Amino acid sequence: NQNWNIENSYLKLPSKFYSKQLPEKFINPKKIYFNSNLALDLGLGFLSEAEILDYFSGNKILKGATSIAQAYAGHQFGRFTMLGDGRAILLGEQISPKNIRYDIQLKGCGRTPYSRQGDGKATLSSVLREYIISEAMYYLGIPTTRSLAVIQTGEKVYRDQVYNGGVLTRVSSSHIRFGTFEFVRNFCSKDDLEIFIKYVADRHYPQISNAKNIALELFELVMIKQIDLIVNWMRVGFIHGVMNTDNMSIYGETIDYGPCAFMNTYNPNTVFSSIDKNGRYSFGNQPNIMHWNLVVFANTLIPMISNNKKKSIKLIREKLNKFPLLFSNGWYDMMYKKLGILKPIEKDKILVDSLLELMNNYKADYTNTFAALTLSDTSSESLFKSHKFKKWQKEWKDRINYSSDSIESFKIMQKQNPLVIPRNHLVELALEKSINGNFNQLDN
């Protein structure tokens, strides 16, 4: 079947949820990247070079599709704001050959009714950065939006200096955010909220479509997805950088790669956003922020849980109160796997905690430390030369029966511990060269 299989289920929602919007046209677009593996998964392997350029620059709209910008709100650094797709336009939902629905969205293709003072454009450099990091996340086994294409627009974009413009084609299970629920709760009617909750359940969590209390069940499933996501981020040392509620996907995918990075030296207080003065979004604070975001999300659902507000709050609080334990269990479970501990017991927590404390004290590299343990290698890190670490290592080896049946342990460690991550300085270097037209380093 050499054809798009596009739908627009979002258009069935009340009209205030979105604005119809065409992308801007660009006179001289140029293809920089096209993700042919992803295209095959989506059933778009048939696209010609000309079609790739036309569709993913926004110069041509799909037959039968209606492009829209979505409305949402959000708490940005703790403050509530009305937002929306200020520089992104949803082309539609592609149904893949495996019958999975994916949003296809163009980012950086011009102004929308939600742009406020912005120009709706994106720099080629920021678009390439999202392409690299989101694809790395995918291959590291972390739920994420994906990047299908990068197009250079041929226009200049004015920020602190003049940059080349770019458009990213982003693919995700949907672009519904915690902030979308905040928008509906604050600016729409109770009926709208009911319609929306039903839509989200049908689309993402069909197992609860007929539940007695959809809103309550939805909250629990979303919470579990978010916990899995943050645990996964922490597994590879990823710092999102801007965990505002409008950057949190309701389906638990990593979305909106702004000032994000992978931690080099292990330090829970590492921050990667220049605007994050107080460390709100530091590596170690990500679980707390997720909990905070879930409280905001819970508040949007209160009218739909019960007609009695007190009862509503009581019911959802019971769910929310499970967060610390669920997170802690999920996080330790992940750390045990990073250390190859197959049947954990309570006392293994000490092994995990003491290793992280040593890594922090010796400023050890997060990825390299676990990689060295996985490869039974020594590392040039000063950590590995320290007496305290050698003592820890002996306890750890005894624990996983290093000599006899540790093959299983190493198998599980290999799955959990990446040997290579996109190092920030290398990403920046590659981006710097690509701005001058040299894509060799990016291609590696």
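**Exercise 1.** In which sense do strand S3 and strand S9 pair, and over how many bridges?

*Solution.* First, a word on the model: it is predicted, so local features need pLDDT of at least 70 and side-chain atom pairs count only at pLDDT 80 or more, while totals for chains, interfaces and linings use all residues. Residues are numbered from 1 along each chain as its sequence is written, and side-chain values use heavy atoms, without hydrogens and water.

Step 1: find the strands (DSSP runs of E, at least two residues, numbered from the N terminus; helices are runs of H or I, at least four). S3 covers residues 30-34 and S9 covers residues 146-158.

Step 2: apply the pairing rule, at least two DSSP bridges between two strands. S3 and S9 are antiparallel, with four bridges, and Tyr33 stands opposite Val150 in S9.

**Exercise 2.** Follow S9 onward to S10.

*Solution.* Step 1: a hairpin of three residues links S9 to S10. Step 2: S10 (residues 162-172) runs antiparallel to S9, with nine bridges between them. Step 3: Tyr158 stands opposite Val162 in S10.

**Exercise 3.** Describe the lining of the largest cavity.

*Solution.* Step 1: a cavity is a set of points on a 1 Å grid over the protein atoms alone where a 1.4 Å probe fits but cannot get out; lining residues have an atom within 4 Å of a point. Step 2: the largest cavity has a volume of about 40 Å³, the volume being the space filled by probe spheres set on the points, which are joined across faces, edges and corners. Step 3: its lining consists of Thr123, Leu124, Ser125, Tyr163, Asn164 and Ile435. Helix H3 (124-139) and S10 each give two or more residues to this lining.

Conventions:
On a 1 Å grid over the protein atoms alone, a cavity is a set of points where a 1.4 Å probe fits but cannot get out, and a pocket is an open set with protein on both sides within 12 Å along at least five of seven lines; lining residues have an atom within 4 Å of a point.
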